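Colleague: I have a model open and would like to learn how to read it. Can you take me through it, feature by feature?

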Amino acid sequence: MLDDTTRERIQNEVDANDVLLFMKGTPVFPQCGFSAAVIQVLSHLQVKFSSVNVLEDPDIRDGIKQYSDWPTIPQLYVKGEFVGGCDIIREMYETGELKTFLEEKGLHSEPAA
Amino acid sequence: MPMDAEEIEKLIKEDFPDAIVSIEDLRGDGDHYAATIISEAFAGKTRVKQHQMVYSSLKGRMGNELHALALQTSAPNKA
């Protein structure tokens, strides 16, 4: 079960960062293909984002799955809202929906150079 | 203990009797699958909600026995 302390820690992180990716590893050293795929999408869109390496924090690694009712990592949050895991982010990126979504949230993204 | 495609399909169909389900084994290791699911139940729902419905039909296996399931969900389009 998700204890209050972990829920609060997650909530603070999610509220404090416009674009936040809970991932395995770091943007420079992703430790999982799915996390790496989302990093690639965010880099293509040149969006500023923060990340949390769940491999370094078992409480967060399990807690985030209950917090969003989503069983896997990575998980992307934009302005406090859970947007999706790797499949959804990739699908939204390919259809251009992600770029529009970010722009609607005032997170202007440059076109991929 | 990894899962096999038939078991995944059976679980999904229990929750989505009308669904058209196609499952692809991505790596032959029983751990990485892609599934395309078309069901009336997805109509009007966000992608996140659709995928959450599928994950719940797998009764907790997602992220455990089943490491990766790339999902493509949609409602039948009324052509």
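This is a predicted model: local features need pLDDT of at least 70, side-chain atom pairs count only at pLDDT 80 or more; totals for chains, interfaces and linings use all residues.

Colleague: How many bridges join β2 of chain B to β3(B), and do they run parallel or antiparallel?

Modeller: Strand β2 (residues 32-38) of chain B is joined to β3(B) by 7 bridges, and the two run parallel. For one place to look, find Ala35(B): opposite it, in β3(B), stands Leu71(B).

Colleague: Now chain A. What is the strand order of its open sheet?

Modeller: Chain A has 4 strands in an open sheet, in the order β2-β1-β3-β4, again with mixed pairing. The edges are β2 (50-53) and β4 of chain A, each pairing on one side only. Ignoring direction, neighbouring strands are turned by 25° against each other on average.

Colleague: How do β3 of chain A and β4(A) run, parallel or antiparallel?

Modeller: Antiparallel: 3 bridges join strand β3 (residues 75-78) of chain A to β4(A). Within that pairing, Leu76(A) has Gly84(A) in β4(A) as its bridge partner.

Colleague: Which strands does helix α2 of chain A touch?

Modeller: Helix α2 (residues 33-44) of chain A packs on the sheet and touches β1 (19-23) and β3 of chain A. Its direction makes about 160° with that of β1(A). Then look at helix α4 (residues 86-95) of chain A, which lies across β3 and β4 of chain A at about 80° to β4(A).

Colleague: Next, the interface. How much area is buried between chain B and chain A?

Modeller: The general idea first. Interface size is often given as the accessible area lost when the parts come together. Between chain B and chain A that area is about 1,200 Å², with 56% from carbon and sulfur atoms. In chain B, Arg47(B), Val48(B) and Gln52(B) lose the most area to chain A, together 45% of what that side buries. The contact involves 13 residues from chain B and 16 residues from chain A.

Colleague: How many salt bridges are there between chain B and chain A?

Modeller: Side chains of opposite charge can pair when their charged atoms come close. The count between chain B and chain A is 2. In one salt bridge, the side chain of Glu97(A) meets that of Arg47(B) at 2.8 Å, N to O. On the chain B side, the elements giving two or more residues are α2 (47-57) and β3 (68-74). By class, that side has 7 nonpolar, 5 polar and 1 charged residues.

Colleague: And over all chains, how many salt bridges are found?

Modeller: The whole structure has 9. Take Lys105(A) and Glu81(A): their closest N and O atoms are 3.0 Å apart. This pair links distant parts of the chain, 24 residues apart. Lys105(A) sits in the segment after α5 (97-104) of chain A, and Glu81(A) is in strand β4 (residues 81-84) of chain A.

Key:
Residues are numbered from 1 along each chain as its sequence is written. Chains are lettered from A and ligands numbered from 1 in the order in which they are written. Side-chain values use heavy atoms; hydrogens and water are left out. Contact means heavy atoms within 4.5 Å. Buried area is the accessible area (1.4 Å probe) that two parts lose on being put together, summed over both. A salt bridge is a side-chain nitrogen of Lys or Arg within 4 Å of a carboxyl oxygen of Asp or Glu. Ala, Val, Leu, Ile, Met, Phe, Trp, Tyr, Cys and Pro count as nonpolar, Asp, Glu, Lys and Arg as charged, and the others, Gly among them, as polar. Two strands pair if DSSP finds at least two bridges between them. Axes are lines fitted to C-alpha atoms, for helices over the stretch in contact, and angles run from 0 to 180 degrees between N-to-C directions.
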